[in-house]
Each structure stands twice: as structure tokens, then as C-alpha cells.
2 protein chains.
Amino acid sequence: MAGSSHAFQAPRGTRDFHPADMAVRLHIERAWRTASINHGFDEIEGPTFEHLELYTSKSGPGIVSELFSFRRSGGETDFALRPEFTPTLARMAAALGRGLPVPTRWFSMPMHYRAERPQRGRLREFRQWNIDVIGIDGADGDAETITVALSALRTLGLDASSIRVKISHRAVVGRLLADLGVPAERMAEAQDLLDKRDRIEAATFTEKTTALGLDQTAIERFAALGAEPVPASTDPTTLAEQLNVPAEAMTELTELRAELERRGVLEFCEWDFSIVRGLAYYTGTVWEIHEASGGERAIAGGGRYDTLIEGYGGPSLSACGFGMGDVVLELVLRDHGLITEAAELMPRPDAFIVSIGGDDTNHMVVPLLTRLRDAGLHARTSAKTTSNLGKLLKDAGKCNARHAVILGGELSDGNVVVKHFDAGEQATVAIDDLIAHLTGSDRA
Amino acid sequence: MAGSSHAFQAPRGTRDFHPADMAVRLHIERAWRTASINHGFDEIEGPTFEHLELYTSKSGPGIVSELFSFRRSGGETDFALRPEFTPTLARMAAALGRGLPVPTRWFSMPMHYRAERPQRGRLREFRQWNIDVIGIDGADGDAETITVALSALRTLGLDASSIRVKISHRAVVGRLLADLGVPAERMAEAQDLLDKRDRIEAATFTEKTTALGLDQTAIERFAALGAEPVPASTDPTTLAEQLNVPAEAMTELTELRAELERRGVLEFCEWDFSIVRGLAYYTGTVWEIHEASGGERAIAGGGRYDTLIEGYGGPSLSACGFGMGDVVLELVLRDHGLITEAAELMPRPDAFIVSIGGDDTNHMVVPLLTRLRDAGLHARTSAKTTSNLGKLLKDAGKCNARHAVILGGELSDGNVVVKHFDAGEQATVAIDDLIAHLTGSDRA
């Protein structure tokens with residue numbers, strides 16, 4: 001082998017998509033795109049890399065170690081592969097200024113990049129579906145984003161027994177943490193610890209909570225936050241009393257509950273005040289979708305970020321949205337047996353042409369393929385040189401063709417035999433009627 | 001504005017795709033994907049970045065200045081954003097080894113990156129459609145790739161009067177250059193100069209051809225190569241005599257001509273021995289598609305590269321293919337008036353819900369949107385608080401909806417009024433029959 005061996009492998013944490021892998025990826029993308037479009041979202045995209053400063057200006061220089069950053073040879077500015085879409089979205093929205101329609105509903109599904117050690121469910125390159133609603137202040141905006149996310153997941157076969165939307169609110173979490181004794185100046189640190197709680201060692205957790213000034217009881221209560229799922233059918237006001245939080249802290253969640261109910265998705269949802277989301281820009285409601293058994297990372301995460309667009313130099317507009325990556329989602333779909341045979345997800349040929357007449361019919365294959373393809377049909381043939389019908393039909397079956405078009409002795413009368421695999425039928429068809437027959441337009 | 005201003009713009013040579021831009025991009029992608037699938041190609045994809053060595057091992061260290069390359073902080077290997085897809089394809093094919101089906105037909109349409117100064121038709125980030133046929137030795141493989149390219153371009157509205165496939169062959173070009181006096185050891189240099197001929201100054205051209213050892217007559221003949229287009233209906237053997245090239249150098253092109261004729265695309269093609277393609281890996285037939293007036297860069301370029309897969313450690317398999325970028329193609333489509341109103345390319349709502357009954361009907365909007373979307377329909381409504389039918393219908397028209405569903409006084413009898421925009425008709429429909437009415441399934 002020429003060169004050193006690693007150059008001939010995909011970089012660690014990235015993926016090669018062979019046709020069967022690609023079929024799964026496109027199956028997921030179709031569900032994302034269809035849900036987005038049906039809910040009135042318009043598709044956008046931005047560059048794969050941005051000025052590094054787009055990220056450091058909001059997240060600080062600490063983010064650089066998590067990014068793949070680079071500079072063009074001879075260039076003067078640093079770039080970074082986008083780790084998420086929201087800064088690009090905020091930049092694009094800000095650039096439109098007053099030209100941005102209100103409300104705006106945008107979606108995208110680009111690749112993102114993290115310079116981290118790859119783990120199960122977390123790769124260095126991944127595709128992420130991003131949904132954003134700009135300019136809707138009320139809880140109907142949040143409810144809409146949750147509904148779109150669920151629409152795609154339901155299309156993919158997940159139901160309320162297999163996934164849970166865990167809903168929280170930054171202000172409520174803040175009250176709970178204050179109540180445990182977290183001082184105001186260490187609130188961000190405490191929220192960050194809460195977000196990472198499940199991914200750190202028990203000893204580290206105790207050490208860090210103690211460092212926050214919490215006593216043993218408070219540490220136990222901190223650890224227990226969100227341990228008992230509360231169905232979203234529970235009125236948040238009732239919850240406020242139980243949690244010793246002022247009722248007014250629950251106003252937005254009470255509205256959200258009503259909006260989720262109107263959209264028929266309340267059964268998927270629960271209140272979970274251990275959810276804070278790691279990103280600094282969230283300002284209110286935050287939520288995550290998890291596989292019900294809790295065995296994988298979050299499938300999706302989102303919330304409200306009402307100051308971000310203004311922060312990027314745009315108008316003062318509220319916004320909310322979410323991101324859903326393809327890596328965890330595919331694991332969950334496989335865990336639930338919802339992706340079994342990738343071949344079934346691949347595009348089905350309308351016609352698989354089979355020539356069994358030797359030289360008498362072989363020369364007809366390419367012109368017929370051309371005619372069918374010119375008519376917009378998906379047409380294939382076998383690469384085998386055999387005239388054995390059984391072997392050729394096996395090839396047709398392998399690529400899951402809808403019809404085999406058999407070129408044999410009938411061709412001398414201008415006819416072909418069409419085998420319809422799903423119906424288990426076959427018919428002799430005049431070659432000039434073949435396209436109409438294959439498209440079903442002869443049955444109109 | 002926070003931060004410095006450049007961070008709030010897309011990096012130079014990259015693009016923000018707002019919804020109307022994205023609609024054009026998806027229009028092009030649909031044509032690419034449909035042509036690929038209909039011709040029996042399977043979709044694949046690879047990582048956005050590869051080990052830098054994947055590129056330098058075949059193209060030499062000189063390529064580094066044309067790439068965006070980087071290293072993970074603390075990492076030990078260099079990566080590069082992919083400038084083209086062929087090395088990834090060859091790597092993927094090589095990795096399968098004997099498991100690679102023969103023939104294999106693959107397509108992809110990922111982003112690619114060049115660290116060059118952006119120019120008209122040439123950006124730093126662009127999408128490229130890649131088609132590859134592996135394991136077909138004969139000219140039918142080349143003809144197939146040309147036919148697929150033309151299929152997509154014809155779907156997009158281009159015809160034989162607007163685009164030309166310029167076909168050449170490395171061996172023929174080699175004979176022609178040798179005939180002009182280019183010594184064998186400077187052949188690569190001469191081919192490179194021929195490839196760049198149109199993009200360099202006249203003085204530089206004379207200087208470089210003189211340096212190759214050509215006399216004035218030879219320089220003029222070098223400059224005139226390909227100046228007169230020869231229709232592909234001309235038999236290459238006839239051409240061989242005119243060009244003083246041995247007839248056997250034309251064998252593959254003669255076969256190709258027959259294969260193009262069988263596929264009905266000969267009228268798009270011409271012989272042009274100024275085409276060599278810049279990339280080092282081509283071994284035989286090479287071709288480019290150009291806008292007929294020659295005003296833009298090449299729309300597509302491809303050819304045969306029979307040693308590449310083996311060069312990446314795979315089995316010895318012939319291969320041919322092409323790349324078609326989105327940037328030049330979009331310019332050509334616009335030049336020819338084939339992209340006019342982007343709004344017409346955006347997904348059309350099946351239903352635009354209009355509430356004109358005030359409080360009596362407004363509360364019905366969200367539940368009805370939910371019902372339609374749950375049924376897989378694309379449903380929208382207006383963000384306006386007005387009950388003015390005219391204004392609301394104008395909103396429906398703006399997003400090119402197929403139907404307006406009007407919630408008014410009829411709702412008390414369980415009915416809605418459905419306005420069918422294209423047909424200019426309207427009907428009163430029971431709300432329970434609405435989905436069947438909108439999908440046309442009530443007419444079965």
C-alpha cells in the first residue's frame with residue numbers, strides 16, 4: 001500500500017457513508033425535512049466554517065480547544081469548523097436587520113464539528129437538524145419547536161413509550177439552586193455542574209458541590225433533582241408549592257403546558273428541573289428529548305434564547321429552537337428495532353431490464369434503459385452476461401426493483417413481459433405502452 | 001455591534017443560503033439526485049476533512065497551499081478540508097477491496113473547499129456532484145457518465161444549443177503535443193499549460209511555450225488547438241488523418257462515439273483536443289461540459305482514471321467519472337433565464353388556514369394545523385391578527401399555497417370553505433372530510 005496506512009482511513013470520529021449507511025442517513029434527513037416543511041419552516045444553510053471570532057465573541061477563548069480552527073496559508077484571520085448552527089443563524093438573522101420577517105421560521109441540517117475525543121453518541125463530525133422560531137415571545141413558540149421535533153421522531157417510529165421530552169426553565173432551576181444554598185455569584189458554575197452531573201465521577205461531584213458551599217442534605221437534594229419524573233399533565237402551579245418555588249416562576253411553563261396540550265403532544269412531556277443545557281445563551285424554557293430508558297445521550301436539546309440575535313448586532317427579537325444530531329438518533333432507532341434492513345430504505349428501481357434472448361435482445365437493453373430514464377424512471381439492468389432468467393431475476397430482487405422487464409422471444413412481435421414483484425403478477429405489454437404500464441398511467 | 005464587524009459576515013468565498021437561495025440550491029440538488037438514481041447510481045458520502053496525506057500522497061506537497069489544512073489542538077496528524085471527492089472515493093473503494101461489487105456506480109454531492117482567491121464561478125466553498133463508475137473498462141462507462149450529467153442538465157432546462165460536451169483523450173493530446181515538438185520529459189508541463197491556456201496572459205503563454213522548445217509555427221498551432229469545434233458526428237478515424245495522429249489512438253473515442261449515439265446524446269458532443277483536465281490522475285478519455293458561448297468556466301469535468309483505486313491500495317479496477325459544481329451551473333442557469341422566481345421553487349403549502357370569525361374561529365387554528373400536519377400535509381397560517389379575508393388570502397398567495405382553508409361562519413355547521421388557487425375554484429367542505437378533499441383522495 002502506498003503512503004502510510006492512516007491516510008487511507010477516515011479520520012477518527014468521522015464516518016464513511018457507503019450506500020447502505022447513506023440510505024439510513026437520508027431516511028433520517030427525510031423525516032427531518034418533511035416535519036420542518038409541513039410545520040411551515042423554510043430551509044437555510046450557512047458556511048461550513050466561520051470566523052473563529054463568531055464563536056469566541058460569545059463563548060470566550062475557552063471554546064477554542066473544542067473547535068477545529070485554522071488559518072489559510074498567508075491569510076490573516078482564523079476560521080473554525082462550525083460546532084453548532086445557532087451563531088450562524090443569529091449572524092444571518094442579524095444581517096437582515098429590519099428586513100427579517102417576524103415571525104421567521106428557519107430550519108437547516110448541516111454538518112457540525114467538535115475537536116473532542118469521540119465517544120458513543122458523540123463523534124467529531126455529525127449532522128444536526130436545527131429548528132428556530134424568531135419573533136414569537138409566547139410559549140406557543142416553544143410548543144411549536146417541541147411539536148416539530150416530535151413530528152419527525154414519530155414519523156421515524158418512536159412513540160410516547162420510547163421517548164420523553166424533559167422540560168425545564170432556567171429561572172426555576174435558579175430558584176431551586178438558590179434554595180439549596182448556592183450563592184448568586186456561583187449560579188453559573190452550579191448550573192454547569194448540574195448539566196454535567198451524569199457524566200462525572202461521584203467523588204468529583206461531591207467535591208464540586210461541597211466547593212459550592214452546599215451541606216450534606218443540600219448535596220443529596222442537588223443529586224436528586226429530576227430523579228422522579230413528573231408528567232407534564234401535572235399543573236406547574238401545584239409543582240411550585242411542592243418545590244417551594246414562587247408560583248410566578250411557573251407562568252411560562254403553565255402557558256407552555258396549555259400549548260402542548262392543544263397540539264396533542266402532552267403525553268410525551270414531563271417536567272425535569274435537572275435540565276439546564278450547557279450553552280450560555282439560553283434565557284428561559286429549556287428542554288431535552290431522551291430515550292425513555294435513559295440509556296443514550298440526549299436525542300435533542302433546545303430552549304429559548306431571547307437575547308442572542310441582538311447580541312450579534314441584530315434587532316431585539318425573541319427566539320427559540322433546538323438541535324437534533326444524527327448520531328444519537330440513529331443509535332436510538334437501532335435500539336428500538338426501527339432500522340433493520342437498510343436495503344429497504346434505498347431507492348427502488350421502477351424497472352429492471354432482463355435480456356434473455358442473447359444477441360437478439362441484448363442490443364435493445366441500452367436504448368430501452370435510455371427511453372425509460374428519459375421518461376424520468378429509475379431503470380437498471382444486470383451486469384451479468386448470462387441469459388439465465390432465474391439468475392437475472394435474482395439481481396432484480398437484490399436491488400428491490402418494482403418490475404422486471406423481460407426482453408425475450410416476444411420482442412419479435414414488439415412485446416415485452418413485465419413482472420410486477422409486489423403484486424406477484426406478470427403481463428405481456430407492447431413496448432410502446434411500457435412507460436404507461438410502469439407508471440400505472442394506463443390504469444387511469 | 002459587539003465584536004469586530006468581519007466576524008458577523010460569512011467568510012470570504014463562502015455563502016449564506018437564505019430560503020430563496022436554498023430553494024435554488026435544492027432545485028439543482030434534486031436534478032442531480034434524480035438523474036443519479038434513475039441511472040442506477042447509489043449515493044455515498046465521506047468526511048468533510050481527510051488526513052492531509054490523502055492528498056499529498058498523490059498530488060505532492062505542492063497541493064498544500066491550495067487546501068485549508070489544520071491540526072487538532074494537541075493532535076499529531078494534519079487534516080485538510082476536501083478539495084475534491086475522488087481521493088475519498090478511491091479510499092472508500094480501496095477499503096472494500098474484493099468486497100467492492102463490480103461494476104459499482106456511486107454518486108455524492110458534498111461540499112468542497114479551495115484556499116484560493118475567490119473569482120466568478122470559483123468560490124472557496126462549493127457543492128459538487130460526483131459520479132463514478134468503477135469496473136467498466138469500455139467506452140460504455142464513459143458514455144454512461146456523460147449521459148447522466150446531461151440528464152440532470154436537461155432536466156434543469158439546458159439543451160444542445162446551450163451546452164456542449166467537449167471530449168478529448170490524453171493519449172491523443174499527447175500525440176498532438178509530441179507532433180508540435182514537445183519532448184516527452186516535458187509532456188506533463190505542456191499539458192498543464194494547455195489546461196491553463198485561457199486563464200493566463202498572452203505574454204506568459206508565449207514565454208512558456210517557447211521555454212518548452214516550440215518554434216513560432218508550433219506555438220501558433222498549440223494556441224489554435226480546439227479553436228474549431230468538431231461535431232462528435234465526425235468519425236474520429238477521419239479526424240486522425242486530419243490531425244496526423246495514428247488511427248489506433250482514436251480507438252476508444254470511436255467506441256465512445258457509438259455508445260453516445262446509442263444513448264441519444266451525440267448532438268450535445270464535440271471533439272476538442274485542447275481539453276486535458278488539470279488533475280494528474282486521468283489516464284484516457286477526458287471531457288468537460290461548457291456553456292455554448294464559452295462565457296463561463298466549465299460546468300463539469302471528468303474522464304477515466306484507471307490506476308487511481310489501485311494507487312490507494314485497492315484492487316486494480318478501471319474507473320471513470322466527473323464532478324459538477326453548483327457555482328458555475330447556477331450562473332449558467334441564470335444566464336439562460338432558467339432560474340427566475342425562487343419563490344416558485346419553494347415547497348408549496350397544501351393548506352393555508354385563514355380565520356375570519358374572530359374569537360369564534362381563532363381557537364380552531366392550532367388544532368386544525370395539528371390535524372393536517374399529523375396527516376402529513378404542509379399547513380401554514382398567517383401571523384397577522386386581522387380577520388380581513390383579503391389581507392389573509394394575500395398572505396396565502398405570498399407563500400404560493402395550493403389551498404386556503406377559510407374558518408368562518410360555516411364552522412357552526414361543521415364546515416369550512418376551501419379555495420383552490422390553481423383551479424380558481426372554491427367549495428364548502430365538512431371539516432371531517434377536509435384531509436380527503438385537500439389530498440384529492442375524495443375524488444378516487
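Which residue forms a salt bridge with A:Glu296? Keep that in mind while we get our bearings. You are looking at a predicted model, in which local features need pLDDT of at least 70 and side-chain atom pairs count only at pLDDT 80 or more, while totals for chains, interfaces and linings use all residues. Residues are numbered from 1 along each chain as its sequence is written, chains are lettered from A and ligands numbered from 1 in the order in which they are written, and side-chain values use heavy atoms, leaving out hydrogens and water.

Now back to our opening pair. The partner is A:Arg120, and the closest N and O atoms of the two residues are 2.5 Å apart. Helices (H or I, at least four residues) and strands (E, at least two) are DSSP runs, numbered from the N terminus. A salt bridge here is a side-chain nitrogen of Lys or Arg within 4 Å of a carboxyl oxygen of Asp or Glu. Side chains of opposite charge can pair when their charged atoms come close. A:Arg120 is exposed, with a relative accessible area of 53%, whereas A:Glu296 is buried at 12%. Buried means under 20% relative accessible area, exposed means over 50%, and partly exposed lies in between (1.4 Å probe, protein chains only).

Over all chains, the structure holds 68 salt bridges. Another one joins A:Arg127 to A:Glu29, with the closest N and O atoms 3.2 Å apart. This pair also links distant parts of the chain: A:Arg127 is in strand E7 (residues 125-134) of chain A and A:Glu29 in helix H1 (residues 19-38) of chain A, 98 residues apart. A:Arg127 counts as buried because its relative accessibility is 12%, and A:Glu29 is buried too, at 8%. In chain B, look for B:Asp142 and B:Arg304, whose closest N and O atoms are 3.1 Å apart in a salt bridge. Helix H4 (residues 139-155) of chain B holds B:Asp142, and strand E12 (residues 300-304) of chain B holds B:Arg304, 162 residues apart. Both B:Asp142 and B:Arg304 are buried. Salt bridges that share partners also build a network, made of A:Arg25, A:Glu29, A:Arg127, B:Glu45 and B:Arg82.

Two copies of a chain are related by a rotation about an axis and a shift along it. Here, a rotation of 180° with 0.0 Å of shift along its axis superposes chain B on chain A, with an RMSD of 0.1 Å. The two copies are therefore related as by a two-fold rotation axis. Such copies are superposed by least squares on the C-alpha atoms of residues with pLDDT of at least 70 in both. To find the axis from chain B, go to B:Phe70: its C-alpha is the nearest one in that chain, 2.7 Å from the axis. The same surface serves both copies, as 100% of the contact residues of chain B recur in chain A.

The contact (heavy atoms within 4.5 Å) takes 77 residues from chain B and 77 residues from chain A. About 6800 Å² is buried between the chains, and carbon and sulfur atoms give 59% of this area. Buried area is the accessible area (1.4 Å probe) that two parts lose on being put together, summed over both. The rule finds six salt bridges across the interface of chain B and chain A. The side chains of A:Asp16 and B:Arg91 meet in a salt bridge, at 2.7 Å from N to O. On the side of chain B that touches chain A, helix H1 (residues 19-38) of chain B gives the most, with seven residues.

Finally, visit some details within chain B. Strands E3 (residues 69-71) and E4 (residues 78-81) of chain B pair in the antiparallel sense over three bridges; strands pair if DSSP finds at least two bridges between them. B:Ser69 stands opposite B:Ala80 in E4(B). In the hairpin of E3(B) and E4(B), B:Gly74 takes a positive phi near 85°. In helix H3 (residues 86-96) of chain B you will find B:Thr88, which is buried, with a relative accessible area of 0%.
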